[in-house]
Amino acid sequence: MHQTGTKEMMMMKNDMMIGHREALTLLVTLMSGQVFLSMPRNMALLGDTAGWLIVLLSGIFSLIGYYFLASLLKEYPGLDILQISQSLCGKYLGTLFSIIFFLFFLSISSLMLRQFAESFIISILPNTPISIVCFFFLFLLVYGAIQGIETLTRVAWFFGPYLLLAFIVTIGFSMPYADLQLLLPILGKGPLTLLKHSVFHISLFSNVILLGVIAPKIREQDKVSRIGLYSLILAIVINTLVTATVLITFNYTSTSKLVFPIFQLTRLITLGEFIQRTEAIFVFLWFFTAAILMGGMFYGTVISFSHSFGITNYRPLVFAMAILIFTISLFPSSMTETVDLDAFIVSKYYPLVTFGIPLLLWIVSRLKKKGINTNG
Amino acid sequence: MGKKLFLTIVLIVFTISAEGCWDRKELESMGLIQALGLDLEEDKQITVTAMIAIPSKLGATAEGGGSSEGPGVLLISMKAPSIYEAFNLMNTTVNLEVTLLQNQVLFIGEDMAKFGISRWIDNLIRFREMRRTLLIFICKGKAANLMKMQPKLDLNPAEHFRDLVMISKRSGMFPMTNLHDFMRRYESLTQENYAPLLTEFKPQEITEEPSQGGESSGDEGEAKKPEEKKPVEIRIAGTAVFKGDRVVGHLDLYETQVLQIITNRFREAFLTLPDPLDKNTKIAFRLTTAKPTRIKFTQKEIPHFTVDVWMEASIVSIQNVIDYTTPAMENFLRQKIASALKHRIEKVIHKAQTDFQADIFGFGQKVRNTMLTTTDWERYRWPKKFPKANVSVNMHVYIRRVGVQFQPPKTQK
């Protein structure tokens, strides 16, 4: 009897294991899904013609920040970032870090839910109540979270190539409107402004922290740090390319005024009389990107909450969390307030969580190691 | 069992919710605007004219056409404080929901274009039904009047305009401008705006090029008849030039070709020049772009630009009997073509600098390219410097082909 139970437990555990490709696709989608929202516009607003450079530089800074997360995960294989923080900093401080992670995921999930819902209302469903759009998203999030991370990553892996193809097609077909001269003056608002915004906007890639949560579930543990690195590089390339494409198509003044630049870009695509109104196709892919992105962040929310309060089975929390996210998503009174909150107010603190906490833990880990070596 | 029940519930919920979609619209209930016209009234309100498709007529066979069974579109005008309020007003008489989902063309009346379009430009880009692929035309006179046109070769007037603009690739005589192009220029300091200029077409007056005087010749016999309500015929007369948000002048068809050449939109056109050895006869060429036009900016006290244009000319007609199909004569001829084209280009640039003071060619972009930051560019104040800029033109013309015959035909006397 006991043996059968253990076998079942093992099987369950195996079921929850994810492949490195699936994890990589999930992370890339998490970090590049935001290009469908106002991200390219925000970059044009911050850097004028050099908006794309801000994305590139923040990506490079994120790679530096990621180093600390990667070395922690390498040092403590089989543990996630929440468990690492508890083992390094003790129960109370560890719980505090878990709560901070929970608030981070909660904030991103809520603001993303609102922005994606608004984007669908503005672009294709102008008469549908926001609660209905949110309901469909929440349904997917809840279902995804109940099914577990394996399902989420498999869905990401399934749609990943199509999403990538959509990006390539969008960029390719918008080329007739492109003018590379629109990326000049190369330094946009100036080198100092560029550097400042690049540092403050490494939050663009802060979703990489989900790797810290799902790391123990990755089958090939030796590939964990490479998954993060490659996903970051891919996301940097996608986000930079998309921002640059928008800039060379609309010019920086127009881009900085567009609510959803990618949507406008797809609306421009025409190939003679035959291929027109292609946004109808892109909306599907847009929806799946949104679902995968929010699914991942929602999973992070539920897991970090259950860790914070020592709840072993996170599934009963899923419905409550969905309602919490929905409620918070409706706090901002308008779309503008949501974008402002996400891009310029709350996101300021994201790097402190995603890169700051791993850095802190890495320092503690070094100090502890040093202490052991000295004592030993 | 549980899974099956869950699946059943999900299917029922999704089926019901899909059925009651808030954004469901039946095609038959929509009044699809094909073209939209905007005219400014004296009280600064606008008259919006909508060309709404009548699908049954547009889909009719060619034999019915637009003329015998009436037009395939319904024209309706409403005066309103904004474009979209005019739609509400239109729906007090049109029993279909007026929508811009299929709108392809926008006509802006002369009064509005001259007054300045800044108040209405936001109307065009903010509303989700408006697409940036929308073609823009500036009308000489009221847009509402020109929209009364009925194309003879196409049932759908909006399609007619779309096709007409595409033809520009074959002549370079008018610029194709969609809302995207228009907005891109509107919001940049590097290039002033322009759009094709539409005017009423009176065939009997236009057949001869400089038609001055003799306007009513030949129509006297019919003068007493009450004026028949003929559909308006229209043509593109060149390019309306903007400075800021208002039209300040226009380029004719040939001047527009120069604009197209400098902005790299020119593909091909026929060109007729006086024979350099006998001014009474003419030589015709088919002119094609050999290489994209290059504009080089040199920073001096007064900004200096060098415009290099590369063209290929193929001889299509020699009225004289002079044989230009020898290498030496070809060389002579190409220099003459280059000189004539250079003169044309310089004249148009001068016109833009003195008459309009508007950089429609995008020289500003070349200046901006030399800057390191956008702050430097904004401080430079290019629009004020453009009228004084020095522009030199280098014309490179190559005669590659002479048609399917060498020497011109000669009578044996």
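User: How many residues of chain A are in contact with chain B?
Analyst: In this predicted model, 26 residues of chain A are in contact with 21 residues of chain B.

User: And which helix gives the most to the side of chain A that touches chain B?
Analyst: That is α12(A), which gives three residues, while α5 (81–123), α11 (252–255) and α12 (261–268) of chain A each supply at least two. By class, this side of chain A has 11 nonpolar, 12 polar and three charged residues.

User: Staying with α5(A), at what angle does it pack with α15(A)?
Analyst: The angle between α5(A) and α15(A), which covers residues 335–345, is about 140 degrees, and their axes are 10 Å apart. The two helices are therefore oblique to each other, and α5(A) passes α15(A) in a left-handed crossing.

User: Which residues make that contact?
Analyst: From α5(A) they are Leu111(A), Arg114(A), Gln115(A) and Glu118(A), and α15(A) brings Met335(A), Thr338(A), Val339(A), Leu341(A) and Asp342(A).

User: Switching to chain B, why is β8(B) described as largely enclosed?
Analyst: Eight of the 10 residues of β8(B), which spans residues 234–243, are buried, so the rest of the structure largely encloses this strand.

User: Which way do β7(B) and β8(B) run, parallel or antiparallel?
Analyst: They run antiparallel and are joined by seven bridges, with Ala195(B) having Ala240(B) of β8(B) as its bridge partner. β8(B) is also joined to β9(B), again antiparallel, by five bridges, and there Val241(B) has Gly249(B) as its partner.

User: How many residues sit between β8(B) and β9(B)?
Analyst: Two residues lie between these strands, which form a hairpin, and Gly244(B) in the turn has a positive phi of about 65 degrees.

Technical notes:
Residues numbered from 1 in each chain as written. Chains lettered and ligands numbered in written order. Predicted model: local features only at pLDDT ≥ 70, side-chain atom pairs only at ≥ 80, totals over all residues. Contact = placed C-beta atoms within 7 Å. Helix = DSSP H or I, 4+ residues; strand = E, 2+ residues; numbered from the N terminus. Nonpolar A, V, L, I, M, F, W, Y, C, P; charged D, E, K, R; others polar. Axes fitted to C-alpha atoms, helices over the stretch in contact; angles between N-to-C directions. Parallel < 35°, antiparallel > 145°, perpendicular 65-115°, else oblique. Left-handed = near helix turned anticlockwise from the far one by under 90°. Buried ≥ 20, exposed ≤ 12 C-beta atoms within 10 Å, placed from the backbone. Pairing = 2+ DSSP bridges.
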